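Please open the structure in your viewer and follow the stops below in order. Each stop names what to select and then describes what is there.

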Amino acid sequence: MLVRDLPAPSRAATSVDFDLHGFVGIRLLGASEADVAAVTRQLGPIRRELQREPDIVIRFVERLDIRGARLLAGEAAFTDAAFLVLLGRHKTRVRVAVPMAEVGGACEIVCERGIFAVPLLIPIVNLTALAKQVLPLHASAFVHRGKGVLVTGWAKGGKTEALLAFMAHGAAYVGDEWVYVSADGRRMYGIPEPITLWDWHLDERPEYRDRLQRSQRARLRAARIASAQGARAARRVPAMSRWLPLIERQAAVHAAPAELFGVEERPLEASFDRLFFVMSHEDPRVAVEQVDPADVARRMVFSLLYERTDLLTQYMRFRFAFPDRRNPLIESLEQVQRDALHRVLADRTAHQIAHPYPVGISALHRAMDPLI
């Protein structure tokens, strides 16, 4: 018996729905208020009643019975019937049954109550969208001067910085982190996930610092002090330098788009009119050039695969556990993404923005604005 559910707390909701622009529906069953809040942190405020059957059901139970399960490096496990993820966000311990063979189609995830986040939720949502010919892109998007602008590239390539730059000049927010492009390439849709802000973002655009919660500002101040103390300690004891990256990673906070931009009531969609491909380079200048959109498509195939590393790692564990069960979509993911990217980006005018890292937010705006 996999599920050993006890009576849910009285605060548990019978059913809570989330609807991602009509193309992916998620339903929570047996979720407590804390569980609903956890999923809302991941998906943003897109909670609304579905008028159709959900694509993804997340069932919350008091306890998953995994007695006798075989462990895979302590990060996953399997029984005769189910594959389980045991490690969640920030290395927290969880117990979640994920039907890997069904991801991309209608599927049901079973979670123990009280988790901080549902493991693999965004990758599963994204594969569900991809199976419906909607392309999930690791990107930011906004509307400026009536034009829908999509900015994509490798992780930490400047996507969020471009968004912050144009939002400071009156743009309308569409999305950050994940943007979804319709099958015909005409429309793009955002998901209001929290935005990661680094201390240096706020040094250049202090108006965003003023919109953070007091506790977030205090955390950034503490991280800055710790970073300075760590640097001094590393000069005295060079071995201490290995801890500096860990300290520096604390100099960031996650803020909801509604807090920064006041976008909670906006539709988070726009026409797809302009394409920018951003990357950093070893040069102090910002360089702009027109590029072949097919080249952008070829490169983004692998950026998207990289963003699905956690999902693909767990899928390999699943295949080890169940070598006779497979997911055709996951196993053909590279080609499916390549086809979707070429379909959506073909015949577009694309510009590459190469910049130093970290990039000046104002410098990005100066480089991109004339092209919009």
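Predicted model: local features only at pLDDT ≥ 70, side-chain atom pairs only at ≥ 80, totals over all residues.

**First stop: the nonpolar cores.** Select L28, L43, I58 and Y180, which touch the most other members of the largest nonpolar core, a set of 76 residues. Next, colour helix α2, residues 121-131; this helix gives the most to the core, with 7 residues. Apart from this core lies another one of 30 residues, including F166, I195, L197 and I361.

**Second stop: around I58.** Which residues surround I58, leaving aside its neighbours within four places in sequence? The contacts of I58 are I26, R27, L28, L29, I109, C111, V118 and L121.

Select helix α1, residues 33-43, together with α2: their axes come within 10 Å and cross at roughly 60 degrees. Angles of 65 to 115 degrees count as roughly perpendicular, and α1 and α2 are therefore oblique to each other. Their crossing is right-handed. On α1, display V39, Q42 and L43; on α2, display L121, I122 and V125, which complete the contact. By class, this contact has 5 nonpolar residues, 1 polar residue and no charged residues.

Select helix α3, residues 159-167, and helix α13, residues 361-368, whose axes are 8 Å apart and lie at an angle of about 80 degrees. These two helices are therefore roughly perpendicular to each other. Display E161, A162, L164, A165 and F166 in α3, which meet I361, L364, H365 and M368 in α13. The residues of this contact divide into 7 nonpolar, 1 polar and 1 charged.

How values were computed. Residues numbered from 1 in each chain as written. Heavy atoms only, no water. Axes fitted to C-alpha atoms, helices over the stretch in contact; angles between N-to-C directions. Helix = DSSP H or I, 4+ residues; strand = E, 2+ residues; numbered from the N terminus. Parallel < 35°, antiparallel > 145°, perpendicular 65-115°, else oblique. Contact = heavy atoms within 4.5 Å. Nonpolar A, V, L, I, M, F, W, Y, C, P; charged D, E, K, R; others polar. Core = buried A, V, L, I, M, F, W, Y, C linked by side-chain atoms within 4.5 Å. Buried < 20%, exposed > 50% of the residue type's maximum accessible area, 1.4 Å probe, protein only. Left-handed = near helix turned anticlockwise from the far one by under 90°.
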